[in-house]
Every structure is written in structure tokens, then in C-alpha cells.
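Open the model in your viewer and keep the selection panel at hand.

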Amino acid sequence: MTANARPYLEARAQKGLWASTRFLLLRRVSQLFFLALFLSGPLFGIWIAKGTLASSMTLGVLPLNDPFIFLQSLAARHWPEGVAILGTAIVFGSYLLLGGRSYCAWVCPVNPVTDLAAWLRRRLGITFTAKIRPELRLYFVGAVLVASAVSGSVAWELINPVTALHRALVFGLWFGAGGTVAIFLFDLLVARQGWCGHLCPVGAFYGQIGKIALLRVAADNRAACNDCMDCFAVCPEPHVISPALNGERLGLGPVITSGDCTLCGACIDVCSKRVFNLSLRTRNGAASADSAIVPASAVRAASPRRSPERVVP
């Protein structure tokens, strides 16, 4: 078993159970809440939200539409109705404030599945991970839009495992959960955080919104870091941490500005030194350039001991 197999032990000893798991518990409550909005109708006849996470109507008055669906509709040459445009604007504006990929950590029903796979990898000591180019998911975004244009349909929704799982949970169409099982096995046995971190086009699209989103995670107490590497072990996108944590010598601010950050709060929970906290992008001042583009060599020069290349899943 690797040194990072149980990264939360020190945090729980130093901060207590609640402070070392609060973001995890709040995320599970959030995911269950959004699922309950859709389940209340089929199970109890109380229709709070109708539709799916891709497109829904809440209480008959609040439309919510995935902006990625909106783009696919435009690519397919289908101009959405006014209510769909309004729903898209509401969701887009929300994620401009809260961070695009907060959807991945706080709403998406596949997130508990990928979190479970990551936990099992640590506990079982699985260190192998396939090397997947990080820009591949952006290529998938382009491929989905091209497929929509060619087919004249919202192409991704035909195969989207998130929508399939949502329908399985809401409508009992359990054959649709096969994609979720495949994602779990892929993340467990093939690539660490392989689906969300390297393949999912929805997360990649929301990551582009996250590049300018206001709510961020910051390493405000980075001077207290003891190089334990626990934050790298639990972060679903560990490459976003180094510029904020180690970049002081390079003039980089403590705010994680990369759109890849899911704002899951795992780094806040796991850190026994309370290095991380929620913050605002504007606090980074002039050093607010997207941290994802900082050269890896420059980050290593700042603090080679904390390079994410040493992370053990």
C-alpha cells in the first residue's frame, strides 16, 4: 500500500472528522438534492423538476438548459425557443459565478462513481495509469459539435452516459447504467480520473467557462505547506495545484485560476495545515493568468519537492 493510500488520516487527527470531510459531505448532499428534484415526480407524484440535467423545467416556471446542449442545437441548425435560450443564460451565468466545473463535483451523478474508483485505486495501491493527452477532451468537444452539424441532432445526448444514468435513476431504465459501469472500470483499472479528467466533453466545455469564473480555491496559507502531497493524492485535477501552491517565487498568486479545477474542496478537506480555502479570482490581482498554462519546468523550479509528477494515486 502506498504512502498516499489513506491521505485523510493526518487531517482527521489534526482538524477532526467534520473539518476533514465537510466538502465531501456537502457535495453528496448537493448531488442527492438535485437528484431528488427529479425523483420526486416519478416516485411521489410531486413534480418539482421535469426533464433531465441536460434540459429541465423547475416548478413549471424556471427553465434550465445545459449551454453545451445549446451549442449542439445551433451546430445542428436548430434555433432553440426563447425559453431554452433563457434557461441556457441562467445556467451560463450561474457557472460564471460558481465555476464551470463545479457542475462536475456538485451536480453530476457520475461524480460519486469516479470518486469511488479513485478511492479504491488508493486503497488497493493501483499506481498504473494510462498516459492520455490532456487536450483530448477538447478535441471531443469539437468532434461532438461536428457530429451535431453533420447529423442535424444533439449528438452527445444520444450516447451521454451522464444522461443515461440520470434516466436510469429517475425512470428505472437500468440498461442505461452500462456506460457508468464502464466509466468506473476505466477509472479504476486504466487511467486515474480518466473519464472526468481526460475524456468527458461536458466537463471540458464547462472548464472553458471556469477559466473566467469568479469563485475559486486559493492556497492562501501556502507558507505552512509541509510537502505531504496529500492534496495531490486526492485532487481530481492535480496539475492545477502547483502554480498556486509553489508559484510565489515566480510571482504567481495563491488562487487556483485553471478552469480544470472542479471546486470539489478535496484539497481543503485533506490539508492538515489548512493551506487551502475558497476565495475569489479577483484576489490574485496581476497574477491571475490561467495557471494551467504555466510551464511545468517553471513550476518545478519554484519547488521541485512538490512537483505533481511525484504524486502517487
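Start at the second largest cavity, whose lining divides into ten nonpolar, one polar and four charged residues (Ala, Val, Leu, Ile, Met, Phe, Trp, Tyr, Cys and Pro count as nonpolar, Asp, Glu, Lys and Arg as charged, the others, Gly among them, as polar). A cavity is a set of points on a 1 Å grid over the protein atoms alone where a 1.4 Å probe fits but cannot get out, and lining residues have an atom within 4 Å of a point. This is a predicted model, in which local features need pLDDT of at least 70 and side-chain atom pairs pLDDT 80 or more, while totals for chains, interfaces and linings use all residues. Residues are numbered from 1 along each chain as its sequence is written, and side-chain values use heavy atoms, without hydrogens and water.

The volume here is about 80 Å³, taken as the space filled by probe spheres set on the points, which are joined across faces, edges and corners. Select C225, N226, C228, C231 and C271, the closest to the centre among the 15 lining residues. Then select helix α12 (residues 230-234), which gives the most to this lining, with three residues; helices are DSSP runs of H or I, at least four residues, numbered from the N terminus.

Next, select C235, C261, L263, C264 and C267, which lie nearest the centre of the largest cavity. Its space is about 100 Å³.

Finish at α9, where T180, I183, F184, D187 and L188 are buried (under 20% relative accessible area, 1.4 Å probe, protein chains only). These residues pack against α6 (111-124), α8 (161-171) and α10 (194-199).

Technical notes:
Buried < 20%, exposed > 50% of the residue type's maximum accessible area, 1.4 Å probe, protein only. Helix = DSSP H or I, 4+ residues; strand = E, 2+ residues; numbered from the N terminus. Contact = heavy atoms within 4.5 Å. 1 Å grid on protein atoms, 1.4 Å probe; cavity = no way out; pocket = protein on both sides within 12 Å on 5 of 7 lines; lining within 4 Å.
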